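Subject: Handover of a structure and of the findings

Dear colleague,

Please find below the structure that I am passing on to you. The findings follow directly after it.

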Amino acid sequence: MMKTLTRRAFGALVGAALLAISAPASAETFPSRPITIIVPYAPGGQGDITGRVIAEHLANLVGQPVTVENLAGANGVIGIAQLAKAEPDGYTIGVVVASHAMARALVPNLPYDPVADFTPITTTALTDMVLVVPPKLEANNVKEFVALAKEKPGTLAYKSAGQGSNSHLFAAWFADAAGLDLIHIPYKGSGDSMPDLMAGVTQMGFDTLPAVRGYLENGQLKAIAAGGPKRSTAYPDLPTVSEQGVDGFAANSWGMVLGPKGIPDDIVKYLNDNIVKVLQMPEVKEKFAAAGAQVVANTPAEAKEMLAEEEAKYTALISKLGITLSQ
């Protein structure tokens, strides 16, 4: 009998040890090693800047190194696919931007579900979008631009940072909502599109405030509307597109911290608590504000709801507008 009990006890001890080894990490011991932030975009963009700001300050809060890994390509798909396949232990997270919510509608055979395959941790910020035109264009507000475009249907053009980009979707959405017949001219990026816009080769475009602020301050472009649902804090006297008569239009660029699906709730809370602390630091908020972005720093539940809503909205819009990745 003693031998039987001893074997059972030994088996129980072994089982408990194996369970402890295989059990997922908890916030009591997390993090015990470095954290990696995947940025699925090239260095220098808003996603990259956000990832590096978070990494710098998060490392100090959690007492472990936090590194940024740029995995650019295919408008973020390559890096985001790697994030989706990472272990759901909180040691690999990523920063995505609004184009993440557009991927399913644009990319055939997307190797992940933009909503179901990820654990939202927090929305970082909303970046101001502005509607800009050449300085010599005879339109100083949305109503004047709409009137001009309706006088010359099929002749005015809008620029974008590429087929299927945020700026393509927003300009096409604006044209549809305002009942305009505009020509789309895609470029290889926002920077590549600027010379033609300044020269009047194209007559309109949507872009983030950080991308155009220098041109506005130098008089090389003029802003005729804020693109989002609210006026920009940097340009509080600039009315939104919706305020100027195009009802329902609200184009936002945003950032979000995600992890792979299945991260334990207590680790999600730990990451959210500390990343929110980073985002609420005065120097971080000032850095975002200088770039034309307002910190959000919401809860995981709020970020999850926002991601689902944005994905559904953009999927419907892209389908309605007939936007594809090929011209």
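Helix H2 (46-62) gives the lining of the largest pocket its largest share, four residues. A pocket is defined on a 1 Å grid over the protein atoms alone, as an open set of points where a 1.4 Å probe fits, with protein on both sides within 12 Å along at least five of seven lines; lining residues have an atom within 4 Å of a point. Helices (H or I, at least four residues) and strands (E, at least two) are DSSP runs, numbered from the N terminus.

The model is predicted: local features need pLDDT of at least 70 and side-chain atom pairs count only at pLDDT 80 or more, while totals for chains, interfaces and linings use all residues. Residues are numbered from 1 along each chain as its sequence is written, and side-chain values use heavy atoms, with hydrogens and water left out.

The pockets

The largest pocket holds about 910 Å³ of space, a volume being the space filled by probe spheres set on the grid points, which are joined across faces, edges and corners. Its lining consists of 39 residues, and those nearest the centre are Gly-45, Gln-46, Val-97, Asn-166 and Thr-208. Besides H2, at least two lining residues each come from strand E3 (92-97), strand E4 (118-127), helix H6 (166-178), strand E8 (205-208), helix H8 (209-217) and strand E10 (253-260). Sorted by class, this lining has 18 nonpolar, 19 polar and two charged residues. Here Ala, Val, Leu, Ile, Met, Phe, Trp, Tyr, Cys and Pro count as nonpolar, Asp, Glu, Lys and Arg as charged, and the others, Gly among them, as polar.

The second largest pocket has a volume of about 240 Å³. Of its 17 lining residues, Leu-126, Asp-128, Lys-230, Arg-231 and Gln-294 lie nearest the centre. Two or more lining residues each come from E4, strand E5 (129-133) and strand E11 (293-295). The classes here are seven nonpolar, seven polar and three charged residues.

The six-stranded sheet

Six strands form an open sheet in the order E2-E1-E3-E10-E4-E11, with mixed pairing; two strands pair if DSSP finds at least two bridges between them. Strand E2 (66-70) and E11 are the edge strands, each pairing on one side only. From one strand to the next, the twist averages 30°; axes are lines fitted to C-alpha atoms, for helices over the stretch in contact, and angles run from 0 to 180 degrees between N-to-C directions.

E3 and E10 are antiparallel and are paired over four bridges, and Val-97 stands opposite Gly-255 in E10. H2 packs on this sheet and touches strand E1 (35-39), E2, E3, E4 and E10, its direction making about 160° with that of E2.

How does E4 sit in the structure, enclosed or open? Nine of the 10 residues of E4 are buried, so this strand is largely enclosed by the rest of the structure. Buried means under 20% relative accessible area, exposed over 50%, and partly exposed in between (1.4 Å probe, protein chains only). E4 runs antiparallel to E10, joined to that strand by eight bridges, and Thr-122 stands opposite Val-257 in E10. E4 is also antiparallel to E11, with three bridges, and Leu-126 faces Gln-294 in E11.

Thr-124 lies in E4 and is buried, with a relative accessible area of 1%. Not counting residues up to four places away in sequence, Thr-124 touches residues including Thr-50, Ile-54, Val-257, Leu-279 and Gln-294.

The three-stranded sheet

A further open sheet has three strands in the order E8-E5-E9, with antiparallel pairing. E8 and strand E9 (222-226) stand at the edges with a single partner strand each, so one side of each is left without a neighbour in the sheet. The twist of this sheet averages 40° from one strand to the next. Four bridges pair E5 with E8, and Met-129 has Thr-208 in E8 as its bridge partner.

Leu-221 is found in the loop between H8 and E9 and counts as buried at 3% relative accessibility. Its C-alpha atom is separated by 6.5 Å from that of Val-132, although the two residues are 89 apart along the chain.

The protein as a whole

The protein has 11 helices and 11 strands. Of its 327 residues, 49% count as buried.

Yours sincerely

Technical notes. Contact means heavy atoms within 4.5 Å.
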